[in-house]
Amino acid sequence: MSSTRRNLCEQVVHDLGLRIVTGAIEPGDAIPQEWTLCDQMGVSRTVVREAVKSLAAKGLIESRAKRGTIVRPMCDWNHLDHDVIGWQAGADKSGLNLVRLTEFRQAVEPKAAAMAAERASVEAIGRIEDAWKEMDRTAGNDVEGFLAADIRFHTEIMQATGNPFFSPVANVIGASLEASLRVTNCLPPDNIPSVPLHEKVLRAIGDHQAMAAHDAMLSMLMDAAKRIDRAIAKRASQE
């Protein structure tokens, strides 16, 4: 596939996916017919077909006899897919999706931290520490740099479990962190209080203290949940 065609396909996937996730095209409804999409988006039938295949692979749509291509129920969507997570985060006006992401993290990440404490190699712990050091360096002066380091910190912990099934969860964590920091940590100084919370997780993993790592991660996520609730309530009161 040429780069031009691939880029066009990605744009169609993005536009249609966003329309589905935001409810502009609801579950059970058919997406526009092929020729209509070609006219609306100025692309070829080949591009549209490739985009439809991509959305079907994400669990968003399926073809049905005599009905065309319809949107599947939300419960069938691949909610761990990077694009689906991004579309949902971008469309999350009420904050409900962010709360759900945080709940998911609370269920998964403390266990992952405990497993990392039990299994992480010296090299893996070094990578977690490098990410924390970058968080410490950028906190207070660089929101984007801090976000990237924060995502890397949590991703490295997932990898340090040694269990490949934790890897897709990194997509959820990245989207959750990005959405969360946009809501709760809009200014660089807002990031400073979370640095010592992350350090507690790092030290527990480095000391191979599984329960301490579990509890430190859970405490960090509970703190994040409280800040998210306050930010959402404040935003709602201003609308």
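The structure is a predicted model, in which local features need pLDDT of at least 70 and side-chain atom pairs count only at pLDDT 80 or more, while totals for chains, interfaces and linings use all residues. Residues are numbered from 1 along each chain as its sequence is written, and side-chain values use heavy atoms, with hydrogens and water left out.

## Overall build

The protein holds 10 helices and two strands, where helices (H or I, at least four residues) and strands (E, at least two) are DSSP runs numbered from the N terminus. Read from the N terminus, the order of the elements is α-α-α-β-β-α-α-α-α-α-α-α. Along the principal axes, the C-alpha atoms fill a box of roughly 60 × 45 × 30 Å. Of the 239 residues, 44% are buried; buried stands for under 20% relative accessible area, exposed for over 50% and partly exposed for values in between, with a 1.4 Å probe and protein chains only. When contacts (heavy atoms within 4.5 Å) are taken between residues at least 6 apart in sequence, 71% of them join residues at least 24 apart.

## Helix packing

| Helix pair | Angle | Axis separation |
|---|---|---|
| α5 (residues 96-119) and α8 (residues 169-184) | about 130 degrees | 10 Å |
| α4 (residues 82-90) and α8 | roughly 20 degrees | within 9 Å |
| α2 and α3 (residues 45-57) | roughly 110 degrees | within 9 Å |

Angles under 35 degrees count as roughly parallel, over 145 as roughly antiparallel, 65 to 115 as roughly perpendicular and the rest as oblique. Helix α5, at about 130 degrees to α8, is therefore oblique to α8. Helix α5 passes α8 in a left-handed crossing, a crossing being left-handed if the near helix is turned anticlockwise from the far one by less than a right angle and right-handed if clockwise. From α5, the residues L98, L101, T102, F104, R105, V108 and E109 meet V169, V172, I173, A175, S176, L177, A179, S180 and V183 of α8. This contact of α5 with α8 comprises 11 nonpolar, three polar and two charged residues, where Ala, Val, Leu, Ile, Met, Phe, Trp, Tyr, Cys and Pro count as nonpolar, Asp, Glu, Lys and Arg as charged, and the others, Gly among them, as polar.

Helix α8 also packs against α4, and these two helices are roughly parallel to each other, with a right-handed crossing. Here H82, I85 and A89 of α4 meet N171, V172, A175 and A179 of α8, and the residues of this contact divide into five nonpolar, two polar and no charged.

Helices α2 and α3 are, by contrast, roughly perpendicular to each other. Their contact brings E34, L37 and C38 of α2 against R45, V48 and R49 of α3, which by class gives three nonpolar, no polar and three charged residues.

## Nonpolar cores

A nonpolar core is a set of buried Ala, Val, Leu, Ile, Met, Phe, Trp, Tyr and Cys residues joined through side-chain atoms within 4.5 Å. The largest such core has 38 residues, of which I128, F153, I157, V201, I205 and M217 touch the most other members. Two or more residues each come from α5, α6 (122-138), α7 (143-160), α8, α9 (194-206) and α10 (210-238). A second, separate core of 22 residues includes C9, L37, V43 and W87.

With residues up to four places away in sequence not counted, V201 touches F153, I157, A216, M217 and M220. L202 lies in helix α9 and counts as buried at 3% relative accessibility. Leaving aside neighbours within four places in sequence, L202 is in contact with I125, I128, E129, W132 and F153.

## Two loop residues

I25 is placed in the loop between α1 (3-21) and α2 (34-41), and is buried, with a relative accessible area of 7%. Not counting residues up to four places away in sequence, I25 touches L16, R19, I20, A30, I31, P32 and V71.

H208 is found in the loop between α9 and α10 and, at 42% relative accessibility, counts as partly exposed. Most residues other than glycine have a negative phi. H208 has a positive phi of about 60 degrees although it is not a glycine.

Notes. Axes are lines fitted to C-alpha atoms, for helices over the stretch in contact, and angles run from 0 to 180 degrees between N-to-C directions.
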